[in-house]
Amino acid sequence: MSDQVTDNTVNITVDGRPVKARKGEMIIRVTDANDVYVPRFCYHEKLPIAANCRMCLVEVEKAPKPLPACATPVAEGMVIHTKSPKAIAAQRSVMEFLLINHPLDCPICDQGGECELQDLAVGFGRDISRYNERKRVVKDKNIGPLVSTDMTRCIHCTRCVRFGQDIAGFPEMGTTGRGEHNEIGTYIEKSIDHELSGNIIDLCPVGALNSKPFRFRARSWEMTQQPLVSPHDGLGSNLFGHVLRGKLMRVVPRQNDAINETWISDRDRFSYEGVYSADRLTAPMLREHGQWKQVDWQTALNAVAAGIKAAPRDSLGFLASPSATVEEFTLLSRMASGLSCANIDHRLRQSDFSGDAEDATQPSLGLSIASVDELQALLVVGSNLRHEIPLLASRVRKAAVGGGAKVSFINPARFEYLFPVASYSVASPAQQLTELSALLAAATDATAPVGVTVEQRHLDVVASLKSAERKAIWLGALAVRHPAYASLRSLAAALAAATGATLGVLAEGANAAGAHLAGVLPGRVAGGAAAATVGLNARAMLEKSLHSYVLMGVEPVADSLVPGAAAALAGAQFVVALTPYASEELKAAAHVLLPIGSFAESSGTYVNLEGEWQSFPGVAQPVGESRPAWKVLRVLGNLLGLQGFEQQSSEDVRADLRALLDASAGQASVSVSAPRVAAVATDAHVVDVPMYQIDAVVRRATSLQATRDGQAASMQGVA
Amino acid sequence: MSDATSKISLLTEHTRHEIDGWVARFPEGKQRSAVLSALRFVQEQNDGFLTPDLMEAVAEYLSLPPIQVFEVASFYSMFETHPCGRHHVSVCTNISCMLNGSDGVVAYVEKKLGIKTGESTADGRIFLKREEECLAACTGAPMMMVDHHFYEHLTPESIDRVLDELK
């Protein structure tokens with residue numbers, strides 16, 4: 001804040017200290033900014049103000065009564081005392097009222113040790129209560145498999161209610177009844193199904209709403225807190241892992257206003273259960289004469305090296321999960337190129353690869369995540385956005401509700417969005433091309449191609465894009481899976497150019513950008529340059545058998561959409577799977593299983609869709625004899641006699657790739673060629689993979705599978 | 001919400017017409033303001049009480065999340081969210097009425113109807129509300145309210161007359 005006094009600045013005094021503040025700002029924001037602590041329960045910086053807990057009462061000179069700091073705007077010359085006898089007395093009295101009905105069951109409450117009420121009771125509570133009457137009891141509600149309730153502990157701050165209303169977009173909880181009978185709940189017992197619902201656990205300042213999977217598992221003070229990054233979508237939400245004796249006990253958000261603010265999706269919060277699934281692979285395994293047996297690492301690695309050496313170079317395939325780390329991608333791509341093999345890919349669910357040569361250096365949103373809030377017009381093509389990247393959908397909602405952004409969709413099915421949608425066309429893959437052609441014709445005032453009619457709705461969408469200052473066009477995961485993705489993208493790119501919008505590609509996985517940079521693509525080498533020979537893409541590798549496969553973190557049948565994947569693998573001479581899980585699918589196909597660290601067990605780096613590199617440590621002990629995949633690849637590289645596998649740490653690997661990228665900086669940007677339309681069968685469809693089926697960890701997260709979205713998970717093709 | 005699960009048809013045409021009238025009194029997009037009136041008509045349509053289905057129908061009709069209708073219905077004492085008799089009888093027991101013998105009125109009504117406060121008669125005719133706050137008729141204490149009509153200066157005879165007339 002500048003020292004210059006403008007019309008918007010007021011001078012106030014806080015606890016005897018002169019402070020400048022923005023006119024109309026609430027007192028509590030000013031005290032927070034100046035490190036003066038005011039106790040609070042209902043106030044939360046990301047939620048609208050309710051002023052119903054009264055804990056933040058402060059003394060303001062000339063005001064007859066103490067005023068709530070969260071709902072009192074500052075004014076010129078205001079003199080505020082946060083710790084005067086009057087303020088303290090008011091805060092103590094509120095505390096006494098709040099504790100009247102609160103059960104003192106801290107020893108059996110999961111919130112104990114990290115409870116705002118407990119903390120403030122120590123600071124402001126009396127050591128004895130003057131209240132001798134019966135405490136009220138509120139029946140607990142069953143609101144689904146993720147959030148546990150102990151509603152007697154509720155102090156009615158309504159943070160959970162306001163979260164549903166203003167952040168999630170659909171209030172599922174409310175305050176019913178009056179006075180003594182006032183309760184927080186859903187009225188009719190029902191599950192809370194929103195994909196961000198777990199955030200009410202963090203918001204609840206007491207132990208009324210807690211994590212159900214974590215219930216009674218550990219005490220907050222026993223665990224250590226370590227930073228993590230979400231392994232499920234390209235946003236790269238910042239997380240904290242809470243670890244007890246080497247085991248990941250739970251995941252909570254790590255505030256980063258540029259990415260996830262204070263929120264995380266339920267998928268990020270509860271997927272950790274999948275880390276400890278029953279089918280976890282705990283030791284290397286070798287299949288001999290159809291029998292699986294445990295072996296030591298040396299035996300297994302020798303068998304793998306021998307298997308890979310025996311494979312003809314043009315019939316060896318490398319497949320990696322799009323959520324592997326930059327370090328793993330770098331070493332895998334180095335291994336493939338060391339073996340002069342170009343058959344390497346991570347785009348397991350893509351079906352059209354004809355536009356590969358025009359791929360951007362890395363799939364990207366094209367703008368910063370935070371600036372999504374400010375968008376004025378957005379066209380989303382082929383995305384079940386709330387399921388693909390829940391927090392990005394929440395930012396779009398902010399732009400639509402808060403900023404009145406015009407958001408339009410072209411999707412294969414009707415997906416529910418909890419914000420005003422300017423235009424929504426339900427279109428089959430073939431119709432999607434027609435729709436985009438119509439938009440392009442409208443945007444360029446060109447004659448529409450044969451079979452395409454420009455209607456008013458097309459003109460409206462184009463007008464909304466053209467008239468906006470900040471605008472974008474996004475291709476979602478359903479667009480990337482489109483049978484003619486290259487055509488779809490060329491049309492979208494031309495439309496973006498014609499309207500001045502930024503084109504973004506919401507590629508699947510936590511690290512699709514990292515995979516592109518590290519050269520885990522058949523047509524690219526590490527650093528992003530084009531490969532001399534173009535290898536087989538993921539679909540080609542899975543459509544018909546290769547001699548040998550190296551799978552990293554991939555369960556090809558569940559992770560791809562190629563119908564013949566299981567048969568292709570079964571027909572191979574040699575399959576090695578670096579995997580955290582001994583799934584039935586892999587046991588049927590593989591010859592060697594090497595146990596690698598799952599989510600939170602390996603250090604590494606993810607590059608998100610705004611191009612941000614985020615590194616994280618391995619926070620949990622890998623289960624059994626599992627090792628971080630980058631270490632396994634490094635040893636394997638040495639056994640194969642390849643160059644460039646001498647790194648001592650994941651940081652060294654990352655530095656290797658960084659050096660490559662710096663050297664190749666300034667490479668010619670790839671431009672998408674003129675718009676074209678490939679023929680698409682009218683009955684072609686795109687598969688919308690359910691949000692709790694997208695990767696191996698999530699598929700094993702039992703509580704997420706028990707949710708309504710998890711239950712409805714049978715893979716269904718949409719239109 | 002898909003048509004297959006639509007509950008709007010639970011609202012009678014008359015109720016819908018009345019709700020439309022109330023919605024029209026508020027600016028566009030402020031239809032939430034009509035919840036209170038809408039619930040009044042729906043309760044009348046259903047002989048004196050609301051059901052979860054009916055409240056969801058109101059939510060759907062007004063394009064509101066159902067919880068916002070539940071909140072209103074459970075907050076106000078004039079809405080019943082459990083099955084009860086069709087005529088609502090509330091005896092005021094606040095200070096003025098209490099000083100003028102409302103305890104006796106309650107005892108007399110309970111004895112006459114054979115039910116306790118909070119209960120309904122077996123024939124579904126009369127529902128005796130548990131408690132009623134001051135209805136601002138202190139000059140006529142003791143008083144009771146029957147289906148929104150006030151009856152003041154109550155005596156056993158006048159109570160008999162009022163209650164016996166209820167069909």
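I started with the contact between the chains: 12 residues come from chain A and eight residues from chain B, where contact means C-beta atoms, placed from the backbone, within 7 Å.

Bookkeeping, before I forget. This is a predicted model, so local features need pLDDT of at least 70 and side-chain atom pairs count only at pLDDT 80 or more, while totals for chains, interfaces and linings use all residues. Residues are numbered from 1 along each chain as its sequence is written, with chains lettered from A and ligands numbered from 1 in the order in which they are written.

Next, a helix pair. How do α11 and α12 of chain A pack? I got an angle of about 60° between α11(A) (429-444) and α12(A) (456-467), with axes 9 Å apart. Axes are lines fitted to C-alpha atoms, for helices over the stretch in contact, and angles run from 0 to 180 degrees between N-to-C directions. That makes α11(A) oblique to α12(A); under 35 degrees would be roughly parallel, over 145 roughly antiparallel, 65 to 115 roughly perpendicular, and the rest is oblique. Ala438(A), Leu439(A), Ala442(A) and Ala443(A) of α11(A) meet His458(A), Leu459(A), Val461(A) and Val462(A) of α12(A).

Chain A has an open, antiparallel sheet of three strands, ordered β10-β11-β12; strands are DSSP runs of E, at least two residues, and helices runs of H or I, at least four, numbered from the N terminus. Strands pair if DSSP finds at least two bridges between them. β10(A) (224-229) and β12(A) (247-253) are at the edges with a single partner strand each, so one side of each has no neighbour in the sheet. The twist averages 35° from one strand to the next. I traced six bridges between β11(A) (238-244) and β12(A), and found Gly241(A) opposite Val251(A).

Last, α3(B), residues 52-61. Seven of its 10 residues are buried, meaning 20 or more other C-beta atoms within 10 Å of their own. Among them are Leu54(B), Met55(B) and Tyr61(B). The buried residues pack against α1, α2 and α4 of chain B. Just after α3(B), I spotted a positive phi of about 55° at Ser63(B).

Conventions
A residue is buried if 20 or more other C-beta atoms lie within 10 Å of its own, exposed if 12 or fewer, and partly exposed in between; C-beta atoms are placed from the backbone. Two residues are in contact if their C-beta atoms, placed from the backbone, lie within 7 Å.
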